[in-house]
Amino acid sequence: MPHGRSSSSRWCWLFGLLFLADCAKHVLTFSLGPVPIVLDASGYWILAGDAAAGDWLQFGNRIDYRTPLYPIALGVFRGLFGDGALLAAVVWQHVLVVATGLLAALICFQVTGSRWAALAGYGLSAVCLTRPWFANTLLNETLFTFLLTATVAALVGYHRRPSAARSIAWCALLGLTILARPVPQLVWVPLGGLCFYHATRWGGRTQSVRRIAVHVAVGLLALAAVLSPWYVRNWVVFDGVFLARLPAVDKWQVCFQDGAGAHLPIPASPAGERLLALIGTPDGDVPDRYSYAVVAALADEGLSEREIDELVSDVCADAIREHPLEFAWAAFKRFVNFWRCVVAEYPFYAGEDEYAGQFDGQRTWRFEPLARPYERVLEDVPSRRLRWNELAALLCGLGTLLLIVDRRTRVIGLSLAAVFAYFAAVIAAVGIENYRYRMVLEPCMIVAIVAGWFCASRRDRTKRPESVSGR
């Protein structure tokens, strides 16, 4: 008993020290000041203004490629705090990053039953310097990462003890995650299959089909209840039932741009010929293959947004049909590079003179005595090194495999594998790999690494006495 109290006390002290170190890291990151409200951040800020004015579901704009949760959240801050909205939003996002690290620790404990696994998981989160930096930007990664991690935590809770309430919880959280960013809109298919199949075998005995059917029904109802207002909005605004459409620039980018794109030739099809007739050259190409330049050139020819999207979609589909192997090879390389790409330069956009001072009248801050030395630290973080990212991906894959091999954690391992494979595949198919897109998986990667290692070491400890006694 005294030893147990000593161990518990030591754990509490270590966890408390980690928490203080984590908070100190966020104070240092906050001291750098906010990132200018430009490019994607500017788009969210404008939509937040509509939300603050009462247009929560954005009926007043024609944007069909974003979902509304992050602009709604920013709209709350704009409505409540005025010129202090940027400050309040950044503080809120730092709190979300801390909460995400605690959720990762909770999942490690849920999977392994070990407080030390929770401590290790939180320790890895606490030493990460990159995700906290994104809390200084008005981008949806921070909110999305928190909601995705919360969804996985709720899913693990359902795995441990299936119930209708837990089914509602993880499906509702998944719906909110989709409303933050539309990428995971189909991830519920593999996760739901694994989740409810596992429920039929929970506790080592076959469960009532009727009971599991109730779990499926209430979970789908929760998911539909969260998503349906946005589907209704799109039906009213665009006369179509959809969650979000892929922008024409993204379609063109993966098919025709050089570099990470497939750089396919313009197809010899009616759509391709029409495109070349509008903006082509005598040698049957496009003078500037940069996606935004192509869309701008088509707009200059008088095409509407819908006409541009339809033409680009047809040209891309024809090109893929003519050169399927080339497109598949480029997508495969993007799938691999998704796990290898390094973080962009710090601070994001702030180093560009053209963006300096663009804060839309918001109160800004920067604490130079803390900011200057901390910026030097950020210049050499592990996330900026290719080999580190490769090692992290390798450890994540190994940890996931260890979870799958262990019968007690197999479904959780398969669920994490489904999340990892789904995100990498979707980004590879429709976008160019970017650290921002992989960053949202880092808490789940920490869970896979820590829980996989703890489960493997626990299995070794249980086997060792058997091998001794068998001699």
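Visitor: What makes a pair a salt bridge here?
Guide: A salt bridge is a side-chain nitrogen of Lys or Arg within 4 Å of a carboxyl oxygen of Asp or Glu. This is a predicted model, where local features need pLDDT of at least 70, side-chain atom pairs count only at pLDDT 80 or more, and totals for chains, interfaces and linings use all residues. Residues are numbered from 1 along each chain as its sequence is written, and side-chain values use heavy atoms, with hydrogens and water left out.

Visitor: Why is the pair E390 and R340 called a salt bridge?
Guide: The closest N and O atoms of E390 and R340 are 2.8 Å apart, and the limit is 4 Å, so the pair qualifies. Helices are DSSP runs of H or I with at least four residues, numbered from the N terminus.

Visitor: Why is E390 called partly exposed?
Guide: Buried means under 20% relative accessible area, exposed over 50%, and partly exposed in between (1.4 Å probe, protein chains only). E390 has 24% relative accessibility, so E390 counts as partly exposed. R340, with 26%, is also partly exposed.

Visitor: Which salt bridges does R366 form?
Guide: R366 pairs with E368, the closest N and O atoms being 2.9 Å apart, and with E375 at 3.1 Å, N to O. R366 has 35% relative accessibility and is therefore partly exposed.

Visitor: What makes helix α11 mostly covered?
Guide: In α11 (residues 248–256), 8 of the 9 residues are buried, among them W252 and F256.

Note on methods:
Helices (H or I, at least four residues) and strands (E, at least two) are DSSP runs, numbered from the N terminus.
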